[in-house]
Amino acid sequence: MAKHKSKDSRIWVTYKNGVYDITDFVGQHPGGERILLAAGAAIDPFWAMYNQHTTKQVLTILSGLRIGTLYPSEEIVKVDFEDPYSKEPPRVNLGIVRCEKPFNSETVIELIPDNYLTPIPMWYKRHHHPVPEVDQDAYRLVIAFEDANILQLSLDDIKKKFPFQKRTITLQCAGNRRHELEKVGAVQGLEWDSGAISTAEWGGVMLSDVLEYAGLGNTSALIEHANVRHIHFAGADQPFDSSVPVEKALSRFGDVMLAYEMNGQPLPREHGGPIRIICPGHLAARSTKWCNRITASKVEASSGWQRGFAYKAVPALKSFDGIDPESFPSVQELPVTSVICLPKPESNIDYEEGEITMKGWAWSGGGRNIIRVEVSADGGKTWQVADVSSFLNLK
Ligand SMILES: Nc1nc2c(c(=O)[nH]1)N[C@H]1C(S)=C(S)[C@@H](COP(=O)(O)O)O[C@H]1N2
Ligand SMILES: [Mo]
């Protein structure tokens with residue numbers, strides 16, 4: 001086993017008493033190259049930490065890679081360590097839990113239209129790791145180039161040096177509505193219904209102000225001298241890391257924030273307190289929680305949340321075998337999406353009165369507004385323009 005740790009000698013892992021050759025799977029692993037931590041050894045300890053793995057689907061993928069069985073005399077890894085999830089924040093969660101460890105929960109879709117701002121207990125929650133504990137006094141945000149630190153800011157520095165701003169911003173997980181795709185074909189990852197989207201009024205400072213203070217304010221100089229094209233946001237739950245193009249991060253109109261308030265309250269630990277990035281219009285994986293490092297770089301972040309297949313704009317291929325994820329661009333701005341929340345999908349309705357009240361939402365990424373909503377009551381044969389004038393052009 002121990003000899004099989006690299007592509008040249010093939011990469012093997014064990015799970016319980018099975019031996020698996022994962023060499024050709026590494027490029028498709030949603031968690032990226034972290035799977036290599038188990039190369040030549042057991043994946044059991046990692047799966048104990050990330051229990052989204054023990055689904056039928058993952059076990060099916062794994063069984064396809066099985067090449068052998070450990071001898072009965074060989075040591076099978078017994079997982080025995082302190083539960084890494086024992087320090088999760090106390091939760092008041094009024095959502096539908098999709099995974100306990102890491103904790104993932106979505107907003108009840110029928111409740112979304114009742115609240116323009118999602119109350120915090122109803123917010124969707126999407127963690128990839130245990131929720132870290134960040135000591136507010138010891139907290140430092142490092143701003144750096146790949147090879148040199150530029151400066152460090154304490155929480156106080158952030159609050160005092162830059163003007164306080166508020167923005168109402170919706171975050172949507174790029175995996176929202178993945179469950180519906182299941183009807184088209186097998187999908188990998190958490191099966192969200194349409195509730196992995198929520199809205200808050202965020203308070204904090206503008207990233208563009210902070211980057212300007214750090215001397216990174218002049219885009220053309222940056223490109224000319226350092227060839228900086230991407231700004232990375234790393235979280236305290238390392239190895240979480242993701243990046244956006246430098247023009248989004250630096251623009252006054254990009255509205256990227258370092259948030260420390262949510263709906264008028266101190267940003268809860270659950271949602272990235274003390275400081276998180278809020279990057280409007282992009283998939284929410286760019287809004288790094290517990291952000292403690294911002295890096296200006298020539299290249300995109302290297303993590304699976306940036307470069308893995310799950311975060312790439314890919315065509316509907318039957319199989320990704322032998323295809324390099326680098327041949328597709330990373331998802332950044334999300335397209336228009338809309339959902340009817342009431343009546344609930346697939347429910348029976350009574351239209352004796354000749355009228356049904358429908359409620360739902362429409363949202364677009366990239367700062368683009370919703371300009372029209374059309375509704376069909378006959379499966380798409382005819383369409384009516386809905387009167388939503390009071391909702392449009394929200395300031
Ligand atoms: N540090 C860190 N930031 C993160 C994540 C994470 O696991 N760790 N998850 C991302 C993803 S995929 C989503 S959808 C949003 C979810 O934010 P929320 O839990 O506040 O709703 O946070 C993003 N930021
Ligand atoms: Mo996400």
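Predicted model: local features only at pLDDT ≥ 70, side-chain atom pairs only at ≥ 80, totals over all residues.

Colleague: Salt bridges first, then: how many are found in the whole structure?

Modeller: A search of the whole structure gives 16 salt bridges. One of them pairs Glu 270 with Arg 91, where the closest N and O atoms are 2.8 Å apart. That pair links distant parts of the chain, since Glu 270 sits in the loop between strand S16 (265-266) and strand S17 (276-278), while Arg 91 sits in the loop between strand S5 (66-69) and S6, and the two residues are 179 residues apart.

Colleague: And is Glu 270 buried or exposed?

Modeller: Glu 270 is buried, because its relative accessible area is 8%, and buried here means under 20%.

Colleague: What does Asp 209 meet in a salt bridge?

Modeller: The side chain of Asp 209 meets that of Arg 252, at 2.7 Å from N to O. This pair, too, links distant parts of the chain: Asp 209 belongs to helix H5 (residues 207-213), whereas Arg 252 lies in the loop between helix H7 (246-250) and strand S15 (257-262), 43 residues apart. Asp 209 counts as buried because its relative accessibility is 13%, while Arg 252, at 49%, counts as partly exposed.

Colleague: Which residue forms a salt bridge with Arg 368?

Modeller: That is Glu 333, and the N to O distance for this pair is 3.4 Å.

Colleague: Which residues are linked in a network of salt bridges?

Modeller: Arg 10, Asp 21 and Asp 24 are linked in such a network.

Colleague: Switching topic: in what order do the strands of the open sheet run?

Modeller: The order is S6-S7-S8, three strands with antiparallel pairing. Strand S6 (95-99) and strand S8 (125-126) are the edge strands, each of them pairing on one side only. S6 is joined to strand S7 (residues 104-107) by four bridges, and these two strands run antiparallel.

Colleague: What stands opposite Ile 96 in S7?

Modeller: Glu 106 is the residue opposite Ile 96.

Colleague: Now the surface: which residues form the negative patch?

Modeller: The negative surface patch is formed by Asp 350, Glu 352, Glu 353 and Glu 355. Asp 350 is placed in the loop between strand S19 (337-342) and strand S20 (359-363), and it counts as exposed because its relative accessibility is 56%.

Colleague: How many Å separate the C-alpha atoms of Ile 370 and Val 108?

Modeller: Those C-alpha atoms are separated by 23 Å, for two residues that are 262 residues apart along the chain.

Definitions and conventions: Residues numbered from 1 in each chain as written. Chains lettered and ligands numbered in written order. Heavy atoms only, no water. Patch = residues over 30% accessible without salt bridge, like charges linked within 9 Å, V, L, I, M, F, W, Y side chains within 5 Å. Areas by Shrake-Rupley, 256 points an atom, 1.4 Å probe, with all protein chains shown as cover. Salt bridge = Lys/Arg side-chain N within 4 Å of Asp/Glu carboxyl O. Lys, Arg positive; Asp, Glu negative; His and termini not counted. Charge placed at Lys NZ, Arg CZ, Asp CG, Glu CD. Buried < 20%, exposed > 50% of the residue type's maximum accessible area, 1.4 Å probe, protein only. Pairing = 2+ DSSP bridges.
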